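Let's take a walk through this fold together, strand by strand. Have a look at the model first, and then we'll start with the sheet.

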Amino acid sequence: VKLKQAPKIIDQIKKWQKNVFLVGFKAEANVSKQDLLRQSRKKLQESNADLIVANDVGTEYRKNPENNNVLLVNSKSCIQTGWKKKSQVAKIIRIEIEKCLKKA
């Protein structure tokens, strides 16, 4: 079997539909917060996304997969949720998306 790398669909979305609010997700393993933030900002630019939800799925996450700690990165700010139950993290993400949409 010969594999070929496929293009990232997220990088094409704004080319197809410019006015869509685009949220991307970035998962890395065992990286520093600074590296995760740097990679998230890079993906934000590459994809022209409005928001990147990034997390480290390394050792800490594997110890307690019921919780998560994500960075919400947009062109102006970065919010860290802290370790919370996934349902709480989802609410924080929803609230941030709602705030961004109200500004638009």
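Which residue in β2 is the bridge partner of Ala-27? It's Asn-55. Before going further, a word on the ground rules: this is a predicted model, where local features need pLDDT of at least 70, side-chain atom pairs count only at pLDDT 80 or more, and totals for chains, interfaces and linings use all residues. Residues are numbered from 1 along each chain as its sequence is written, and side-chain values use heavy atoms, with hydrogens and water left out.

Back to the sheet. Strand β1 (residues 23-28) runs parallel to β2, and 6 bridges join them. Helices (H or I, at least four residues) and strands (E, at least two) are DSSP runs, numbered from the N terminus, and two strands pair if DSSP finds at least two bridges between them. Together with α2, these two strands β1 and β2 make a right-handed β-α-β unit; right-handed here says that, with the strands pointing away from the viewer, the path from the first strand over the helix to the second runs clockwise.

On to β4, which pairs with β2 in the antiparallel sense over 4 bridges. Asn-55 turns up again here, with Val-70 as its bridge partner in β4, while Ala-54 has Leu-71. As for β2 itself, 5 of its 6 residues are buried, so the strand is largely enclosed by the rest of the structure. Buried means under 20% relative accessible area, exposed over 50%, and partly exposed in between (1.4 Å probe, protein chains only).

Now follow the side chains of β4. Val-70 and Leu-72 point one way, Leu-71 and Val-73 the other, and all are buried. Leu-71 and Val-73 belong to the largest nonpolar core, which has 9 residues in all. A nonpolar core is a set of buried Ala, Val, Leu, Ile, Met, Phe, Trp, Tyr and Cys residues joined through side-chain atoms within 4.5 Å. α2 (33-47), β2 (51-56) and β4 (70-73) each supply at least two residues of this core, and α2 gives the most, with 3 residues. Val-70 and Leu-72 are instead found in a second, separate core of 6 residues, which also includes Val-89 and Ile-93.

Next comes β5. A hairpin joins β4 to β5 through 4 residues, and the two strands pair in the antiparallel sense over 3 bridges. Val-73 stands opposite Cys-78 in β5. Cys-78 is also among the residues that Val-73 touches, and so are Leu-37, Leu-44 and Ile-52; contact means heavy atoms within 4.5 Å.

What about disulfides? A search of the whole structure finds 0 of them, a disulfide being a pair of cysteine sulfur atoms within 2.5 Å. The sulfur of Cys-100 is 13 Å from the closest cysteine sulfur, in Cys-78, too far for a bond. At 30% relative accessibility, Cys-78 is partly exposed, whereas Cys-100, at 15%, is buried.

Finally, step into the loop between β5 (78-80) and β6 (84-85), where you'll find Thr-81. This residue counts as buried because its relative accessibility is 7%. The Thr-81 side chain reaches the backbone nitrogen of Val-70 at 3.0 Å. Leaving aside residues up to four places away in sequence, Thr-81 touches Asn-68, Asn-69, Val-70, Val-89 and Ile-92.

Notes. Polar contact = N/O pair within 3.5 Å; in protein donor to acceptor, adjacent residues only side chain to side chain.
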